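I opened my notebook to follow a strand and a helix pair through this model. Come and look along with me.

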Amino acid sequence: MIEIRIHGRGGQGNVVAAYVLAGAAFEEGMRCQAFPNFGAERRGAPVVAFVRIAEKPILRRCQVEAPGFLIIQDESLLHIPSVLEGLKDKGGVLVNSLKSSEELTKEYGRPMIALAGSQMAQEIVGRPLANVALLSAFLTLSAILPLEALKKALSKRFKGEVLEKNLKLIDEVGAHVSAGQWKKEAKHVACA
Amino acid sequence: MLHALEGSQAIAQAVALCRPGVVAAYPITPQTHIVENISKLVADGKLKCEFVSVESEFSAASVVLGASAAGSRSYTASSSQGILLMAEVLFDIAGMRLPVVMTCANRAISAPINIWNDHQDSMTVRDSGWIQLHCADNQEAIDTSIQAFRIAERTELPVMVCMDGFVLTHTLEVVDMPSAEQVDSYLPPFTFKNKLDPKHPLSLGTLVGPEYYTEARYSLHRALEKALPEIEAADADWAKICGRAAGGLLTVEGPENATTAVLAMGSVVSTLTESNEMLPGNKRVKIIKLRSFRPFPIEALQMACQGLKELIVLERAFSPGLGGILGTEVRAALAGMQKPPQVRNFTVGLGGRDIPMSTLSKLINAAKAQAPGGFAILDVEPERLPPEDR
C-alpha cells in the first residue's frame, strides 16, 4: 500500500486531486481510498487530503500519518512545520513552485522536486490550478500508475473543452519531469 | 458493478435504486452531499420522486412523516444539530409506526460547535423508537440503506442508517453498486396498510389517556424486539442476491480462542480490524462489530461473549455525568450471563479526533488498568484541560 498526503489551500482543488488520483488507481484495478481532512472550509486556508492505493481492500480509515509521498500545491505551505511531518525516510516531495528542484532542495534541506504546475495549467487550461499537473508529474515520477489511468479517471469527472485541455496538460507535464525517478522510492515507501 | 465513489454519492444512488416517492431534506454538513446528489438525480430525470426542499430539519422530518402516512416510500438524511431539531418529529414517526428511512451522517453536537464525526447525534435519539443500524464502510452503508427500506416496511418501524460523517460520507473508495434488477427483486413496491386514505378514515398519533398510553409504548418496545429477526433475515436475503452480507445484528472476527474482545460500532471497526491483524498471533483479540444498536441484540451479544474474560467497549459518545452509553448498555445486557466478561469502557474520537492505528494497543493496555465498572476517555489530552480537570 502506498499512502500519499496532498496539501493545498481551499479552492485549489485539493479534494478533487485526491479523488482523481484514487480514481486512477481504480481504473487500474487497484483498491483505493481518498478523503479530505477539512479544517476551516474557506478559500485560501490550508487543507489536507489523503490517498491510499493498494492491491488489496483497504481497512484502515485513520489519517495518513507517515506518507510515502507529499504533493504540495502551494510552496508557501512548506513554512507550516506540520506539512513535512511524518514523511517516510526515502519519501518523495513534489511541490508546485516556480523555483527549481535544486533551489527548493537547498532552501528546505531535503530533496524536493519542483513543478511549475500553476504556470503550465494557466498556459494550457487557462486557469492556474496545479492539481492535475501535479498528479501527472507524480505518476510520471513514481510510475505507480500509467498516465492513461489518470486520463480515464479525469474523463469520468470532466468533459468537453475542460477535459481536452487537461488531457493535453497531462501529456505536457509528463515531458517536464524525469520518468521513473521515484520508482525506487515508490518500492521503498510501500507498506503492507 | 464496481465503482470508485464518494460515500455520499454512493448512498444517493443506493437510495435512488429503492425508488423513494418522497425525499425531503435540509442541508447540513456532513450529510449535504447525499441529498444534493439525490436532488441532482431527480433534476436529471433519473429518479422519479417528489424532492421537497424545506426550511429546516423539523420540516424535513414532518414532510417524510406525512408522506409516509400517505403511503409513499419516504427518505430523509441529516446530522448533528439537524437530528436534534428533528427530535420531536422522530419520536412521532416511530410512535405512529411509520416506515421512514433516514441516513444519519454521524457528527458531533454543540456546544462547542464542531462539524466532525462522532456518534453523539444518533445517541441522543436512541430512545425515539427508531431502529439504528451502524455501518463500518461504504459498502455496508449501501447495502444497509437498501435493507433499511425492507426492514422498515416489514416491521412498520422507521430505520436510521448511521454512517460516520466525513470518514465514510466524504471518502471515495471502491464499492459494488447493485443493479436496479437486484434491488427490485429484493424490495417490492411499498404498500402500507395503515396509510391515510379518505375512503377508509383512520387517525394517527391522537391523544391517548393513561388507559392506553402504557400499552401503546409497550407495543413499540415489542415491535423493536420483534425487529431483531427481521434485521437478520433482511441481511441474509440480501446476501443471497448480491453475495455479501452487511453484518446482521453483530459480527465477531479474530481468533476463536481469544479471551479478550473489543466491541465497537461504525467505521472505527475497520481500523481496529487491520490493527488487530498486525498484532502477533497470540496477542490478537476478537473484534465484535455491533451493527444493530436499536434494537439492542442482547441474546446475540451474550452468545458472542461466551468464553470471554474481558470485553472492551469502545464508543464514540458518552453521557455527561454517567460515562459510556454503549458500555453501560453492554454491562446491563451481559449481567444475565452465567460467567459474564469484565467490561471495560472507553470513549474515543469525539468531534473528529483521529483514531490512529495505535489505538488498539493503547486500548488493550489502558483496559488492564481500569477498575471494574470504570469509564475513561482514552484520547483526552490532560495538558489541554484546565488545571482543575486534570
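My entries on chain B follow.

**Ground rules.** I am reading a predicted model, where local features need pLDDT of at least 70, side-chain atom pairs count only at pLDDT 80 or more, and totals for chains, interfaces and linings use all residues. Residues are numbered from 1 along each chain as its sequence is written, while chains are lettered from A and ligands numbered from 1 in the order in which they are written.

**Strand β4(B).** I looked up residues 74-78 and found five of five buried (20 or more other C-beta atoms within 10 Å of a residue's own, with C-beta atoms placed from the backbone). Strands here are DSSP runs of E with at least two residues, and helices are runs of H or I with at least four. In a regular strand the side chains alternate between the two faces of the sheet. I checked both faces: B:S74, B:T76 and B:S78 are buried on one side, B:Y75 and B:A77 on the other.

**Its neighbours.** Strands pair if DSSP finds at least two bridges between them. I found two bridges to the parallel β2(B), residues 22-25, where B:V22 stands opposite B:S74. Four bridges link β4(B) to β5(B), residues 101-106, also in parallel; there B:T76 partners B:M102.

**Helix pair.** I then turned to α1(B), residues 7-17, and α6(B), residues 138-155, which pack at about 20° with axes 9 Å apart (axes are lines fitted to C-alpha atoms over the stretch in contact, and angles run from 0 to 180 degrees between N-to-C directions). The two helices are therefore roughly parallel, a term for angles under 35 degrees.

Definitions and conventions: A residue is buried if 20 or more other C-beta atoms lie within 10 Å of its own, exposed if 12 or fewer, and partly exposed in between; C-beta atoms are placed from the backbone. Angles under 35 degrees count as roughly parallel, over 145 as roughly antiparallel, 65 to 115 as roughly perpendicular and the rest as oblique.
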